[in-house]
Amino acid sequence: MEKPTHRTTVIVICALAGAATLFCAAWWLAGSVKAARQAAERQELYKRLGIDADPKREFIPLPDILPHNAPAARLGQSLFVDRRLARSPYRVCGACHRLNEGGIDARALGGMLPRTAYNAVFADVFLHDGSVTGMPALVRHMIGSTNFCAGGSVSNVAERLAADDKTRKMFQLAYTDGLTADNVVNALVEYQRTLFTSRRKFDYWCSGRTNALDAAQLRGFDIFRSRRCTDCHYGPALGTLKVADGKKVPGLRGISQRRAYLPDATTNIVTVIERMPKGDLEDDDRDALAAFLKTL
Ligand code: HEC
Ligand code: HEC
């Protein structure tokens, strides 16, 4: 057989280098298209919610609060635990969404771990399968569905509330048209605009306090990005914006306050990581990732 000449070697090397360059260019292009798409999505979101932040920044501290109708939100806060919205005391919003336990109740009724009520304002589609669009529709669903409050229709709820003078007056203070079914829903929607998990370590890091995260947590953050968890867990809440494989991606912000995860209420964060795409990691890396999640 003829030995490869010097020239063929050069040709092969050049072809390989060309292919490698093309591959790198395509990879870089795909990356920048994704970054641009996510930035555009953030820009629209910030406009809708009145958030004052640069949409080009990938990670921002969560707000303490957003512009909202304060009397309506106060009303919503009381409706969140109001018996008249629900079939039983165990079915008021606040029973399944315990605000001092990360917005969930790990022992909630119905066989499915609640998704958190915190940071839900960032989302536009809701429920595990993303089947409900818009926060008002979600609130109506939660009130009416026999899986949740089982409180009947919102008009029924409004009638029950109207029987009480004090409640009627509170609605008159918050709304020019007073107590209506739509305003019952709106009060809960306004209240959701006050529910954030701000001021966690990662929020401080995002506001420029570089020592807010220690070395292990920072390494976990690097792995979070290099393993492309951010393909799905992106945006202010690190999630909530996308439905992937028929499942709505939950926000990871505030996860340090929750003690159970995924619909089956798994309590071990390490097994949750293992069940994620690209979650098959060395023990050290997995622990670093878990350490990072604790800063959220
Ligand atoms: C019996 C328990 C229960 C009650 C009562 C309840 N929820 Fe939920 N909530 C859940 C569960 C379970 C989910 C997750 C359902 C899913 O993902 O399909 C959820 C999801 C949510 C979400 C997050 C949706 C998402 O996709 O991120 C919000 C916000 C919410 N509920 C608000 C409320 C409000 C407001 C009320 C009262 C009007 C309420 N919930 C009453 C159990 C409950
Ligand atoms: C392809 C999209 C996708 C990628 C990539 C992804 N996730 Fe997820 N993640 C999801 C979805 C969807 C759920 C909810 C699954 C469910 O409800 O059954 C979830 C749930 C979680 C939860 C549980 C949250 C909770 O409160 O219950 C954690 C923690 C998590 N992911 C971490 C990660 C980490 C760490 C990575 C990277 C190694 C990652 N995810 C990569 C889509 C993704």
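Q: What makes H233 and M276 count as coordinating the iron atom of ligand 2?
A: In this predicted model, NE2 of H233 and SD of M276 lie at 2.1 to 2.2 Å from the iron atom of ligand 2. The cut-off for a donor is within 2.8 Å of the metal. H233 and M276 therefore coordinate the iron atom.

Q: Why is the site of the iron atom of ligand 2 called octahedral?
A: The iron atom has six donor atoms, with angles of 88 to 180 degrees among them. Six donors count as octahedral if opposite donors are over 155 degrees apart and all others between 65 and 115. The site is classed as octahedral on that rule.

Q: Which parts of the chain does the pair H233 and M276 tie together?
A: H233 sits in the loop between α9 (215-226) and β3 (243-244). M276 sits in the loop between α10 and α11 (283-293). The pair therefore links parts that are 43 residues apart in sequence.

Q: How do you know whether H233 is buried or exposed?
A: The relative accessibility of H233 is 10%. Buried means under 20%. So H233 counts as buried.

Q: Why is M276 called partly exposed?
A: M276 has 32% relative accessibility.

Q: What surrounds ligand 2?
A: The shell holds 23 residues. C229, C232, H233, L262 and M276 are the closest. By class, 15 are nonpolar, two polar and six charged. β4 (247-248) and α10 (269-274) each supply at least two residues of this shell.

Q: What makes the approach of R115 to ligand 2 a polar contact?
A: A polar side-chain atom of R115 is 3.0 Å from an oxygen atom of ligand 2. The cut-off is within 3.5 Å. K247 also has a polar side-chain atom by an oxygen atom of ligand 2, at 3.4 Å. L262 uses a backbone N or O atom, 2.7 Å from an oxygen atom of the ligand. Each distance meets the cut-off, so each pair counts.

Q: Why is C149 in no disulfide?
A: A disulfide needs two cysteine sulfur atoms within 2.5 Å. The nearest cysteine sulfur to C149 is that of C93, 4.4 Å away. C149 is therefore in no disulfide. The count of disulfides comes to zero. At 3% relative accessibility, C149 is buried.

Q: Why is C206 too far for a bond with C229?
A: The sulfur of C206 is 16 Å from that of C229, the closest cysteine sulfur. The cut-off is within 2.5 Å, so C206 is too far away for a bond. C206 is also buried, with a relative accessible area of 7%.

Technical notes: Residues are numbered from 1 along each chain as its sequence is written. Chains are lettered from A and ligands numbered from 1 in the order in which they are written. This is a predicted model: local features need pLDDT of at least 70, side-chain atom pairs count only at pLDDT 80 or more; totals for chains, interfaces and linings use all residues. Side-chain values use heavy atoms; hydrogens and water are left out. A residue is near a molecule or strand if one of its heavy atoms lies within 4 Å of it. A polar contact is a pair of N or O atoms within 3.5 Å; within protein, one must be able to donate a hydrogen and the other to accept it, and residues adjacent in sequence count only if both atoms are side-chain atoms. Helices (H or I, at least four residues) and strands (E, at least two) are DSSP runs, numbered from the N terminus. Ala, Val, Leu, Ile, Met, Phe, Trp, Tyr, Cys and Pro count as nonpolar, Asp, Glu, Lys and Arg as charged, and the others, Gly among them, as polar. Donors are N, O and S atoms within 2.8 Å of the metal (3.2 Å for Na, K and Ca); water is not among the atoms, so sites may look incomplete. Four donors count as tetrahedral if all angles lie between 85 and 135 degrees; four count as square planar and six as octahedral if opposite donors are over 155 degrees apart and all others between 65 and 115; anything else is irregular. Buried means under 20% relative accessible area, exposed over 50%, partly exposed in between (1.4 Å probe, protein chains only).
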